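Dear colleague,

I am handing over the structure below, together with notes on what was found in it. Please read the notes with the structure open beside them.

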Amino acid sequence: MSSSKLESKIPEGSLEQKWTKYRSTVPLVNPANKRSLEIIVVGSGLAGSSAASTLAELGYKVKVFCFQDSARRAHSIAAQGGINAAKNYQNDGDSVYRLFYDTIKGGDYRAREANVYRLAEVSANIIDQSVASGVPFAREYGGLLSNRSFGGTQVQRTFYAAGQTGQQLLLGAYSGLQRQVGMGAVQMYARHEMLEVVKIDGVCRGIIARDLVTGKLERHFGHAVLLCTGGYGNVFFLSTNAMGSNVTAAWKAHKKGAMFANPCFTQIHPTCIPVSGDHQSKLTLMSESLRNDGRIWVPKKLEDAKAIREGKLNPNNIKEEDRDYYLERRYPAFGNLVPRDVASRAAKERCDAGFGVNTTGEAVYLDFAFNMKYKYGKIEATKKGIANPTEAQLKEFGHEVVKEKYGNLFDMYKQITGVDPYENPMMIYPAVHYTMGGLWVDYNLMTNVPGLYALGEANFSDHGANRLGASALMQGLADGYFVIPYTIGAYLSNEIRTKAISTDHPAFVEAEKSVADTINKLIGIKGTKSVDYYHKRLGKIMWDNCGMARNEAGLKKAIEEIRALRSEFWSNVRVTGAADEFNPELEKAGRVADFLELGELMCLDALQRNESCGGHFREEYQTEEGEAKRDDENFKYVAAWEMKELGNWELHKEDLVYENIKIAQRSYK
Amino acid sequence: MSEKLLNLTLKVWRQRNSKDKGGFETYAMKGVSTDMSFLEMFDVLNEQLINEGKDPVAFDHDCREGICGMCSMFINGRPHGPKQAVTTCQLHMRSFNDGDTITVEPWRAKPFPVIKDLVVDRSSFDRIISAGGFISVNTGNAQDANAIPISKEDADESFAAAACIGCGACVAACKNASAMLFVSAKVSQLALLPQGQPEREQRVLNMVAQMDSEGFGSCTNTGACSAECPKEISLSNIARMNRDYFGASIAGK
């Protein structure tokens, strides 16, 4: 049974009717009342920008906060490959149901049916809205939109703009936001960081934010607060997230009573550029779309792998029969397009067995030579009427096609590694990329704290234990453009009599004081080690024990290590500069302090989940073939954690009910 | 990835805040790996400074994969350094030689005041977008995405203009601190699409007016902006914007 503290508020009725009925019956707020209702949006990525502009269009008074120097820099901008939508433009059998089904299955049956179905339903509207706002998606010669394939699906439903889909979608949403800023409907607070949630009588009533330029703390009232603050992958230090991506807003909410759901569900993306040395500050993703045409392999012979690592052998000289295309071998039905968790574990398995390449032994090949020549080269040769093209001709023709499709990604790879991927196979290795876990929300996207919402990656709701590629952009925009504008009415229609509360209220004064105290404490430690020093150590503990593979002993050890590291941080960190100035070290210190608490909860969550599912792989629970072994009888629930005090959490369970999908062992074979 | 180690001298602009006069500080860097990015070298420098009890260098950065547009260093007299078509975060130390002296400054332009060290205020760009860099379509008003076919050529050209990351290198490169490349990229992106037509004339007039009021300089067709642009935004966008601007002005909009 679900905990009484967790009311998912899923509407009654058949799956297909829930959202339609909800939209027709949800209470509305009349336009005159909207003008006196204030909404705070924290974060300006896809979820935040789309929510803020849409709510402002509806007439609400909106304030937007982001820590970057402009709303346009939010990390949604870095998403490469694409955005899913059940348009079925390719006539290949796609439908709302199929997108829903793929997402639930891809998430290894740990997501809510009703939320995911709604996501699939609004997916098509997102593409329409984005095109209308000037997003230049890739098109075919006939002028219609182009699609490509992503992992975990067998239809082509991914819309894209070269390898810059996130950038184009975000700039579309950002331009809508800036339009509202220009019209005075949105007040923008760039270079501001939210550092506390303000609660009055158990209800969320505002935030405390720090102006990052002057260091001044500010109090802001809102009838509702929307956290659109992204994921917490940077707890691992090395990830594909931006340097500033952090958990702070969500964590402050958690410490003020909002439950944190499934924190251990993190996504390790299989195709990232491998670590090159101790100086490494972040990892760079190579889009999943590359797996459309790239074949993943390692040498079949241990001695070949060893020779490559020592720089004595060039991979191009390894014969076809001496290569192990391990994904095609293990998963013939999906091949190189298996979901991310499966592909990542398979890479780790080969590298752990000694077949890894790169000097570190922690890399596999993503090779385009085959499709460049024998797929695209041949098509081009046929077009040109060349019956028996030479190998050189095939390569030349194919090179052009591959450049057109993935040019910017290949350039980026070359820039970072110094190796030309047109001539040599890319080297890739899994890296932390996305977090499925996040603040627990109900069907309305509201946390268990009234008035406090979480959208996009910051919530837990749609991706279960593993997110499919091209679904993060879809969820961010679905939540912002099409879900929150309706669901927020359910709450705000009861708030029309609430006058704006003065920020001189004791709750604001107290919240500001607690933020100031924390800042002064951090600066006052004046220890001997930098913030990065602690962040890197935390990252290593997390990666080693709560990364791609986890086990009971490791997780228990990690919890002890994190606690020790946390106390060392609070007695020995050195934060340079002052509180009342532009101070990036202070910003980092606050974020790392929160990661040092979150890390413990992630390990605790991984420890209680005695099963393997999606991105959560417990070594004790696997099949003989090394696949994840789920335990639906005992773990078919959302784990929502309530913080009693630091180091002491209570687990609440939301039982997941599958009325429309038959739960099955996930198979991509 | 054949790593080498470099010894370098860095001359870095230090300025406590917008009111401070500022000046160069010199730092010796030893054993810098050629596999490092330019910003990772700054991480190492800052770690060094923190360990010595000194104030680290403030610099803007976020995604470190060349797309957010946050990083902004003026390196040896060129925005984003010596390589074509890369941002500072994608510039790697293999582009430098052992013994080099590297000078690093903030973007220098009146509409980009320095906040601290290498960090500048680029909010003027946001205000230009707010003046007209959008299509006025409220959520829910869109028709089916395939209802308006757009020729691949136009879509591709629009996309090429839309690739602008708003970093401000064009302004920093320009001797007049003109923002014409940035503004024209947005104007072109929307002018090339059917969805952008209804507001086409008003958009260009409003965006140019805002650009002028922010204090950006005039364009004298030197082309340094495009040459230094990390996304290789084409100068032809400026020509297109000029045509649209004159057309709209003559039409008396």
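The model is a predicted one, in which local features need pLDDT of at least 70 and side-chain atom pairs count only at pLDDT 80 or more, whereas totals for chains, interfaces and linings use all residues. Residues are numbered from 1 along each chain as its sequence is written, while chains are lettered from A and ligands numbered from 1 in the order in which they are written. Helices (H or I, at least four residues) and strands (E, at least two) are DSSP runs, numbered from the N terminus.

The sheet of chain A

In chain A, 5 strands form an open sheet in the order β11-β15-β14-β12-β13, with antiparallel pairing; two strands are said to pair if DSSP finds at least two bridges between them. The edge strands are β11 (266–272) and β13 (323–324) of chain A, each of which pairs on one side only.

Domains and the hairpin

Chain A is assigned domain 1 (269–431) and domain 2 (513–655), with bounds that come from an automatic or database domain assignment. Taken over C-alpha atoms, the centres of the two domains are 33 Å apart, and their contact takes 6 residues from domain 1 of chain A and 5 residues from domain 2 of chain A. On the domain 1 side, helix α10 (residues 340–355) of chain A gives the most, with 5 residues. That side divides into 1 nonpolar, 1 polar and 4 charged residues, where Ala, Val, Leu, Ile, Met, Phe, Trp, Tyr, Cys and Pro count as nonpolar, Asp, Glu, Lys and Arg as charged, and the others, Gly among them, as polar.

Strand β18 (residues 637–645) of chain A pairs in the antiparallel sense with β10 (residues 260–261) of chain A over 2 bridges, and A:A640 in β18(A) is the bridge partner of A:A261. β18(A) also pairs antiparallel with β19 (residues 648–655) of chain A, over 8 bridges, and A:M643 has A:W649 in β19(A) as its bridge partner. The hairpin of β18(A) and β19(A) has 2 residues between the strands, and A:G647 in this hairpin takes a positive phi near 90°.

The interface between the chains

In the model, 65 residues of chain A are in contact with 67 residues of chain B. On the chain A side, α3 (46–58), α5 (113–132), α6 (165–182), α12 (391–417) and α17 (584–608) each supply at least two residues, and α6(A) gives the most, with 9 residues. The residues of this side divide into 24 nonpolar, 28 polar and 13 charged.

The axes of α6(A) and α2 (residues 123–132) of chain B come within 7 Å and cross at roughly 85°, which makes α6(A) roughly perpendicular to α2(B), a description given to angles of 65 to 115 degrees. In this contact, A:S175, A:Q178, A:R179, A:V181 and A:G182 of α6(A) meet B:D126, B:I129, B:S130 and B:A131 of α2(B); by class there are 3 nonpolar, 4 polar and 2 charged residues.

A:D108, in the loop between α4 (96–106) and α5 of chain A, has a positive phi near 55° although it is a residue other than glycine. A:D108 counts as buried because it has 27 C-beta neighbours inside 10 Å, the cut-off for buried being 20 or more other C-beta atoms within 10 Å, against 12 or fewer for exposed and partly exposed in between, with C-beta atoms placed from the backbone. B:A85, in the loop between β4 (78–79) and β5 (101–105) of chain B, likewise has a positive phi, near 60°, but is partly exposed, with 15 other C-beta atoms within 10 Å.

Chain B has 8 helices and 7 strands, and 53% of its 253 residues count as buried.

With best regards

Methods:
Two residues are in contact if their C-beta atoms, placed from the backbone, lie within 7 Å. Axes are lines fitted to C-alpha atoms, for helices over the stretch in contact, and angles run from 0 to 180 degrees between N-to-C directions. Angles under 35 degrees count as roughly parallel, over 145 as roughly antiparallel, 65 to 115 as roughly perpendicular and the rest as oblique.
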